[in-house]
Amino acid sequence: MTTPGRFRSEYVAALHLHVVDRGETTLRDGYELGRRALAEGVSALDLAAIHHDALASSLEPIERERMPEVIAAAAAFFQEILSAFEMVHRGYREAAVEAAAERRQAAMLRRLSSFLADASLSARHTDAAAEVLQLVAEHARELTAASYSTASWGTGDERARATSFDHESGATLDPSVAEHLERIAPALPSRVPRSRWAGEPTLRALSPSNVLTVAVTALDGRQSGFLQLADKGRGDFTEADEAIARHLADMAAAALERAELYRGHASV
Amino acid sequence: MPDEVRVEITRDEDMLPARAQGRALALELGFSRTDATLIATAISEIARNIIVHVGKGEITMQPVQEESRYGLVVTATDSGPGIADLDAALEHGYASRGGLGLGLPGARRLMDDFDVQSERGTGTTITMTKWRVRDELELLRERRRLLDEKHHGKHRSDGAGP
């Protein structure tokens, strides 16, 4: 990237002014120059070179004993210049982390999709349902960073249920609490944050800090089970977590219905 | 603990006292020069947001103290039209600079906590905080200073912090 001569000369002038003035006005000029450098595509390497040259010329007329204070003032100015770059750099880092998380999520969903296809073809329906629910509970917990998850489907003798814990963190959830959570699932809003548990007497006694609940719904609209996640490691469950849980619940419902169909065909 | 500071923002020049006061408070609270620069930059971005998109508003800077950390809470309020698409404004900035990540998202990334409340026709309040964790030596010195004050009933300055 080439450095426009005008930017260079403005930088030198602004730095010269700052080492004399050392006030907020000249620091603000530095911050504005940094913003402009970004907009005009001046690279960080070019900036370093310009700053070095500008500092060298600022030091030329300075007596030796005053040099440290001029260098310190120039450093403060350079920080202002770089603060705009810091904002953008943090944005890139954030985007890179998000992109990596999305890639990981996509890979896990692909893998789960293939597992579910295999599991739904198990010889016995109860095995198929247990496997599908287990796979969904584990993947949902991992993708949302929850400590605990449970997935259920069906009623009566046909009812199946699977749970998953984050064993690494030593997470546990009292079985009676888990059962209670499942009982009240139809009445729960999809996301109950930490603050709500504390505020509602009926829920206060429960140990999970936050809960995410989505229905597992059959194609004909029957609500046949629930996917519940509890105790998110950091913060509360987000909209993105809820979207993931709904997606997984849909995948589970499709796999479970496919298993039922397969069983019907096999018995014929 | 230093006092709260308010700066009215109506034009570009008002960015200067806001930056200067924010930087001074940050240094007084023991933040490093680098953090003070980042705070001044974040203040500049939200002040610019007020000037460009609303025209008038106010920035308040409030030092806060918790058991193990000091914080500087910066609040920007305006009575403008509100932000139409808050998610987009926080993700990509408010239209200018081709989505470089300056503006509100830039300020958000420089601070530790960031919250925006915006209502159409009512205005916008941005609250952002930078924290400085106090190390054990600092806490020990403060405990000793407090004990000393309690026993002798007099103030003794021993550099235990703001």
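Biologist: Is strand β4 of chain A largely enclosed by the rest of the structure or largely open, and how many of its residues are buried?
Modeller: This is a predicted model, so please read every value as computed from it. Strand β4 of chain A covers residues 211–217, and a residue counts as buried if 20 or more other C-beta atoms lie within 10 Å of its own. The strand is largely enclosed by the rest of the structure, because the buried ones number five of the seven residues.

Biologist: Which residue of β4(A) is the bridge partner of A:V192?
Modeller: Start from strand β3 of chain A, residues 191–192, which pairs with β4(A) in the antiparallel sense over two bridges. Within β4(A), the partner of A:V192 is A:V211.

Biologist: And in β5(A), what is the bridge partner of A:T213?
Modeller: β4(A) also pairs with strand β5 of chain A, residues 223–232, in the antiparallel sense, over seven bridges. The hairpin of these two strands has five residues between them, and there A:G221 takes a positive phi near 95 degrees. As for A:T213, its bridge partner in β5(A) is A:Q228.

Biologist: Which are the edge strands of the open sheet in chain A?
Modeller: Five strands make up this sheet, with antiparallel pairing, in the order β2-β1-β5-β4-β3. An edge strand here pairs on one side only, and that picks out β2 (160–165) and β3 of chain A.

Biologist: What angle does the direction of helix α6 of chain A make with that of β5(A)?
Modeller: On the way there, β1(A), residues 146–153, pairs with β2(A) over six antiparallel bridges, and A:Y148 has A:F165 as its partner in β2(A). Helix α6 of chain A, residues 175–183, packs on the sheet and touches β1, β2, β4 and β5 of chain A. Its direction and that of β5(A) make an angle of about 130 degrees.

Biologist: Which residues of α1(A) are exposed on the other side from the buried ones?
Modeller: The buried residues of α1(A) are A:Y11, A:L15, A:H18 and A:V19. They lie on the same side of α1(A), because their arc around the axis is only 95 degrees. What covers these buried residues includes α2 (24–40), α3 (44–59) and α4 (67–119) of chain A. On the other side, the exposed residues are A:G5, A:R6, A:S9, A:A13 and A:V20.

Biologist: Turning to chain B, by how many degrees are neighbouring strands of its sheet turned against each other on average?
Modeller: The sheet of chain B is open, with five strands in the order β1-β2-β3-β5-β4 and antiparallel pairing. β1 (5–9) and β4 (113–119) of chain B each have a single partner strand, so one side of each is left without a neighbour in the sheet.

Biologist: Which element gives the most to the side of chain B that touches chain A?
Modeller: The contact involves 18 residues of chain B and 18 residues of chain A. On the chain B side, the elements giving two or more residues are α1, α2 (33–53) and α4 (103–110) of chain B. With six residues, the one that gives the most is α2(B).

Key: Residues numbered from 1 in each chain as written. Chains lettered and ligands numbered in written order. Predicted model: local features only at pLDDT ≥ 70, side-chain atom pairs only at ≥ 80, totals over all residues. Buried ≥ 20, exposed ≤ 12 C-beta atoms within 10 Å, placed from the backbone. Helix = DSSP H or I, 4+ residues; strand = E, 2+ residues; numbered from the N terminus. Arc of directions from axis to C-beta. Contact = placed C-beta atoms within 7 Å. Pairing = 2+ DSSP bridges. Axes fitted to C-alpha atoms, helices over the stretch in contact; angles between N-to-C directions.
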